[in-house]
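Here are my notes for you, point by point. Keep the 3D view open while you read and find each piece as it comes up.

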Amino acid sequence: MRISQIRTYFLSRSPWVEDWDKTWDNCIWGDAEHEVGRVLVCWQSSLAAIEYAIDHGYDTLITHEPTFWGYSDQKEQRLDFMEQPDMYAVEPRKMQLLQTGKLHILRLHDSWDRFLTHGIPYAWARYLGLEGNPAIIGDRGYLLGFDVPQKPAAYYIQQIATRVKALGQSAVQVVGDDSRPVGRIGVGTGCVCHPNGFIQMGCDLGVTCDDGLWYWGPISCAKDMGYPLVRVNHCVSEEPGMQSLTNYLRDILGLEADYYYEGCMFRLVEG
């Protein structure tokens, strides 16, 4: 199976991606017609992930987030980064590895963010213990709401904190009144996890991430409202979805695929 065929497979099952010429789901590096051998799946094609792939004999890397730190991963952005050696000193090393390591990179972002049943929000919900079909789907399929037995928000917040610990995040950020009763929990994808979306869906508790959600804006508003909101690291919230993609490539498409674990992108240092 060629990289271009994998791209076509996922985009053809993602009707929300209307213009294939403008999607971020592309062959970012290498040859789109490369016949895929061994695949390494990662949340982001970081320098460490690229080194691991090359060192362990993978010829194809499938990533969700950018390779060159700009959202669209276009050639022009790579050139911009190369002209800023102080800030992006790692860039020449990454370029050298890619040029000498014969690694091909496919990005699956727009398709997998909303892919039914297996994609990012569905896998994240299952990881948090929210089983079955969502009671409601919001914001074009980015947000899912699950009905749960009614308990205080603190009960579910503790469950979430316990589960994400295995992904490298030792604590979660919380605002709002954790004594409020919760009968529906909202989860979602990346920067789309806005409290307003969860509230409109009738969710009593929202699980969001640090991708584009600011404390001076929506989070402060949720706090003023007393609305219970849990915030985790972006990678943590999407890691289960990328593990799900690995299984999909292996079980459905029959590819030899493994997963590169990233975990929480930061560490906490106590004073």
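1. How many nonpolar, polar and charged residues are there in the lining of the largest pocket? Sorted by class, that lining has seven nonpolar, five polar and nine charged residues. One thing to keep in mind throughout: this is a predicted model.

2. Stay with that pocket for a moment. Its space comes to about 280 Å³, and 21 residues line it. To find the spot on screen, look for Trp24, His109, Asp110, Asp113 and Tyr142, which lie nearest the pocket's centre.

3. Let's go through some of the pairings. S1 and strand S4 (residues 104-107) run antiparallel and are joined by two bridges; Trp29 stands opposite Ile105 in S4. S2 and S3, on the other hand, run parallel, with five bridges between them, and there Gln44 is found opposite Glu65 in S3. That gives you an example of each sense of pairing to trace by eye.

4. Is S3 itself buried or exposed? Six of its six residues are buried, so S3 is largely enclosed by the rest of the structure.

5. On to the other sheet. It is open as well, has six strands in the order S5-S6-S8-S9-S10-S7, and its pairing is mixed. S7 pairs with strand S10 (residues 229-232) in the antiparallel sense over three bridges, and Gln173 has Arg231 as its bridge partner in S10.

6. Take a look at Val174, which belongs to strand S7 (residues 173-175). With a relative accessible area of 37%, Val174 is partly exposed. Which residues does Val174 contact, leaving aside its neighbours within four places in sequence? They are Ile157 and Leu229. As for Val192, it is 18 residues away from Val174 in sequence and 18 Å away in space, C-alpha to C-alpha.

7. Finally, two backbone angles to check. Most residues other than glycine have a negative phi. Lys102 has a positive phi, near 55°; Lys102 sits in the loop between helix H4 (91-101) and S4 and is exposed, at 69% relative accessible area. Asp139 also has a positive phi, of about 45°. You'll find Asp139 in the loop between strand S5 (136-138) and strand S6 (143-152), where it counts as partly exposed at 34% relative accessibility.

Note on methods. Residues are numbered from 1 along each chain as its sequence is written. This is a predicted model: local features need pLDDT of at least 70, side-chain atom pairs count only at pLDDT 80 or more; totals for chains, interfaces and linings use all residues. Side-chain values use heavy atoms; hydrogens and water are left out. On a 1 Å grid over the protein atoms alone, a cavity is a set of points where a 1.4 Å probe fits but cannot get out, and a pocket is an open set with protein on both sides within 12 Å along at least five of seven lines; lining residues have an atom within 4 Å of a point. Grid points are joined across faces, edges and corners, and a volume is the space filled by probe spheres set on the points. Ala, Val, Leu, Ile, Met, Phe, Trp, Tyr, Cys and Pro count as nonpolar, Asp, Glu, Lys and Arg as charged, and the others, Gly among them, as polar. Two strands pair if DSSP finds at least two bridges between them. Helices (H or I, at least four residues) and strands (E, at least two) are DSSP runs, numbered from the N terminus. Buried means under 20% relative accessible area, exposed over 50%, partly exposed in between (1.4 Å probe, protein chains only). Contact means heavy atoms within 4.5 Å.
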